[in-house]
Amino acid sequence: CSSLSSVVIPYSVTAIGDGAFYGCSSLCSVEIPAGVTSIGNSAFEGCSLLRSVGIPASVTSIGNSAFMRCASLSNVVIPCSVSFVGERAFKRCRFLSSVVIPDSVIKIGCYAFENCIRLSRIVISDSVTSIGTGAFNECSSLNSIIVSKSAYERVCGMLDEWLRSKVVIKEDLDSDDDLLF
């Protein structure tokens with residue numbers, strides 16, 4: 001699939017399987033239809049030219065390494081239907097600059113955003129109960145992790161020590177200011 005540049009996934013598809021587009025290094029755009037409920041492990045891993053992806057509100061899980069090494073990926077909106085962001089899901093997405101983790105997410109897997117060197121800001125909702133080891137390792141541009149006052153101690157307890165100084169408390173995570181980057 002090294003020459004595949006764009007994909008429109010049919011509406012009849014309900015899951016993007018493990019490794020479905022693994023290593024499609026020329027893939028620039030993909031349209032995922034409503035009705036897809038899961039993005040499998042390594043589904044888009046190594047799609048180095050993929051710039052953005054629209055994840056529909058029907059998706060409930062993003063598998064391990066799903067978008068790993070999508071070096072050009074700069075924009076991802078995780079919909080409010082997702083409860084789990086897999087291990088290494090966005091690892092080495094070097095152009096990814098900001099992420100909002102919606103209220104539906106309860107678990108962020110180990111190394112989920114590792115080496116996202118342009119990631120400067122992340123909003124973590126109150127619902128997150130687990131942040132895996134190294135979830136934000138080597139995110140050298142990360143300067144703020146936005147959390148609510150009620151989640152501050154819990155979130156800090158789940159973060160690697162070097163990240164704790166980056167945590168910023170916001171009273172109301174629902175305000176538009178927190179979603180603007």
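Q: In what sense do strand β6 and strand β8 pair, and over how many bridges?
A: In general, strands of a sheet pair through backbone hydrogen bonds, either parallel or antiparallel. In this predicted model, strand β6 (residues 61-62) pairs with strand β8 (residues 84-85) in the parallel sense, over two bridges, and serine 61 stands opposite phenylalanine 84 in β8.

Q: In what order do the six strands of the open sheet lie?
A: The order is β2-β4-β6-β8-β10-β12, with parallel pairing. At the edges stand β2 (15-16) and β12 (130-131), each with a single partner strand, so one side of each is left without a neighbour in the sheet.

Q: Which residues have the most contacts inside the largest nonpolar core?
A: That core has 55 residues, and those with the most contacts inside it are Phe44, Phe67, Phe90, Phe113 and Phe136. β9 (98-101), β11 (121-124), β13 (144-148) and α1 (152-158) each supply at least two residues of this core, and α1 gives the most, with three residues. Leaving aside residues up to four places away in sequence, phenylalanine 113 touches, among others, Val85, Phe90, Leu96, Ile101 and Phe136.

Q: How many disulfides does the structure hold?
A: A disulfide is a covalent bond between the sulfur atoms of two cysteines. The structure holds zero disulfides. The sulfur of cysteine 28 is 9.9 Å from the closest cysteine sulfur, in cysteine 47, which is too far for a bond. Cysteine 93 is likewise in no disulfide, the nearest cysteine sulfur, that of cysteine 116, being 5.1 Å away.

Q: Is cysteine 93 buried or exposed?
A: Cysteine 93 counts as buried, because its relative accessibility is 0%, whereas cysteine 28, at 32%, counts as partly exposed.

Terms used
Residues numbered from 1 in each chain as written. Predicted model: local features only at pLDDT ≥ 70, side-chain atom pairs only at ≥ 80, totals over all residues. Heavy atoms only, no water. Core = buried A, V, L, I, M, F, W, Y, C linked by side-chain atoms within 4.5 Å. Buried < 20%, exposed > 50% of the residue type's maximum accessible area, 1.4 Å probe, protein only. Helix = DSSP H or I, 4+ residues; strand = E, 2+ residues; numbered from the N terminus. Contact = heavy atoms within 4.5 Å. Pairing = 2+ DSSP bridges. Disulfide = S-S within 2.5 Å.
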